[in-house]
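Please consult the sequence and structure shown here while reading.

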Amino acid sequence: MMKKPIHTTFGDNVDPMEEKFLEAKKYHIVIVDKDKASIDQTIEKFKNGFFKFTEFVKAKDLVPNIKKEKPDLVILETDLNEADGIEICFELKSDPNFFR
């Protein structure tokens, strides 16, 4: 007899207790990509009601906005038109106030 998965955030096999928790706490994901179609594809993969999204296609004012939003997850393209995503990642990581 197979056990029902305890932890999953995709598909129909979400534990009812976990589902109540996830509905109460929507995880915030920031997606940064120069290509809007890529952002839409990423959102489609995560689309199940447990996430809220903030999208950025330009690097202008990106770091202050991410620090203000304090998302649960940042999906960051490394090759942005106006900036280097890796440098942005290091800048965010170096700020002790950004991490919870």
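On the face of α3 that is turned away from its buried side lie the exposed residues Pro64 and Lys68. Here, exposed means over 50% relative accessible area, buried means under 20%, and partly exposed lies in between (1.4 Å probe, protein chains only). Helices (H or I, at least four residues) and strands (E, at least two) are DSSP runs, numbered from the N terminus. The model is predicted: local features need pLDDT of at least 70, side-chain atom pairs count only at pLDDT 80 or more, and totals for chains, interfaces and linings use all residues. Residues are numbered from 1 along each chain as its sequence is written, and side-chain values use heavy atoms, with hydrogens and water left out.

| Helix | Buried residues |
|---|---|
| α3 (residues 62–69) | Leu62, Val63, Ile66 |
| α2 (residues 36–46) | Ile39, Ile43, Phe46 |

Viewed down the axis of α2, the buried residues fall within an arc of 65 degrees, so they line one face of the helix; the arc is that of the directions from the helix axis to the C-beta atoms. Gln41, Glu44 and Lys45 are exposed on the other side of α2. The cover over the buried residues of α2 includes β1 (27–32), β2 (51–56) and β3 (73–76), where contact means heavy atoms within 4.5 Å. For α3, the cover includes β1, β2, β3 and α4 (85–93). Lys70, which follows α3, has a positive phi, near 45 degrees.

Asp33 is located in the loop between β1 and α2. Among the residues that Asp33 touches, not counting those up to four places away in sequence, are Ser38, Ile39 and Phe56.
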